[in-house]
Amino acid sequence: MGTTGRASPGSVGGIAGVAALAAGGYTSLALKTDGTLWGWGNNEYGQIADGTLIDRPTPAPVPGPRDVRMVAAGGFHTLVLKADSTVQAMGGNFWGQLGDGTFARRDDLLPVPGLTGIASVAAGRYHSLALKSDGTVGLGCQRAGAGRRRTTANRNSAAPVPGLTGVVALAGGGYHSLALKVDGTVWAWGRNDAGQLGDGGTAGRSSPAPVPGLTGVTALAAGDLYSLALKADGSVWAWGDNAYGQLGNGNFSPSLTPAAVPGLTGVTAAGGRLVPCAGAQDRRDGLGLGQQRVRPGGRRQQRPSQQSRGGPGTPRGQRAERRRVLLDSAQDRWHGTRMGQGRGRRIRRRPVDPGGAALAQCRANRGGGMGCLQRGQ
């Protein structure tokens, strides 16, 4: 296996007996039936926990654990739930998502202090969630209110989410979190600029609140700026950002409230991706290394190249969407270039365009509009 992309599914060689999978921002993990963990893909923050920062093009065993019960992958970090109901973490830690009381990355598995009696784990892009066996929710940490309690300050140690009980499942999105309660209702909190909390507005929340009108839910999934819910009748409901049609509703307009995905019935599982990808028609408008993305109005956002970060060169676009994240200081750990932010300073985000008018105009101007972004992304 090499580093060339594929437009159709293909088998992953060198691994068998897999019981569960987890996909992070740029890393893949497999849990085998014997309780061992295998990883491949990007490893620049140690999220494969093999003691190196070397990317792996083929699956390799993660040294150490042989009693893994569950694995969750975030943007640049990995969570492992062990058979003794404790949690271990590895990888990037620039927002404290490893929950160890520091902001230092780790390339080997270490326990998350204070987390015991855990039933399941979930990882957002920069935050971590843990469901305890008593139905309460704890979290490692987060950025900008994504998983936090009633504040938007970052946290680098696990703490309970107040007022959230009777939870049976969790999902972590880019900057928001979802919890499924035993009564089939969904609770959401965190960032909401694309309507991903499903409450009809775009104001973020730092404490959980129910998603109005959503009942009978059996499973959850969260993407970067959108959310999915699977109901007991096999229908799928989606809300939030829709710049690439990820809500499946036949258009590219966002939805601030949950709506059924037309034509989907008899569904048994759903999943969302942390980093939305561009279409194959125009890779120049993707998030590839050294590439640019066009926003409404013609403004381009430059992506740093592999060469600029000092790593080995790769053909342009082979590792699409790779983020450059560096530790800078305790005050401003985001020192890369990212949509909606600049180096060392904050940039005001564009307002959400609920009606989709700006997006529609962009698509019309571009003859189909690959690279047109919904305002607020």
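Predicted model: local features only at pLDDT ≥ 70, side-chain atom pairs only at ≥ 80, totals over all residues.
**Aromatic pairs and charges over rings**

1. The number of aromatic pairs comes to seven. In one of them, Y45 with F94, the ring centres are 5.5 Å apart and the planes stand at 70°, so this pair is edge-to-face, given that planes over 60 degrees apart are classed in that way. Y45 belongs to the loop between β3 (37–41) and β4 (56–61), while F94 belongs to the loop between β7 (87–91) and β8 (106–111), and the pair therefore ties together parts that are 49 residues apart in sequence.

2. As to the burial of these two residues, Y45 has a relative accessibility of 10% and counts as buried, and F94, with a relative accessibility of 3%, counts as buried too, because buried means under 20% relative accessible area.

3. For Y126 and Y175, the ring centres lie 6.0 Å apart with the planes at 50°, so the pair is described as tilted. Y126 is found in the loop between β9 (118–123) and β10 (128–132) and Y175 in the loop between β13 (167–172) and β14 (176–181), so that this pair ties together parts that are 49 residues apart in sequence.

4. The residues of both pairs belong to one aromatic cluster, which is formed by Y26, Y45, F76, F94, Y126 and Y175.

5. Charged side chains also deserve a mention: R191 lies over the face of Y175, at 4.6 Å from the ring centre, and K181 lies over the face of W187, at 4.0 Å from the ring centre.

Conventions: Residues numbered from 1 in each chain as written. Heavy atoms only, no water. Phe/Tyr/Trp six-rings, centres within 6.5 Å; stacked < 30°, edge-to-face > 60°. Helix = DSSP H or I, 4+ residues; strand = E, 2+ residues; numbered from the N terminus. Buried < 20%, exposed > 50% of the residue type's maximum accessible area, 1.4 Å probe, protein only. Lys NZ or Arg CZ within 6 Å of the ring centre and 35° of its normal.
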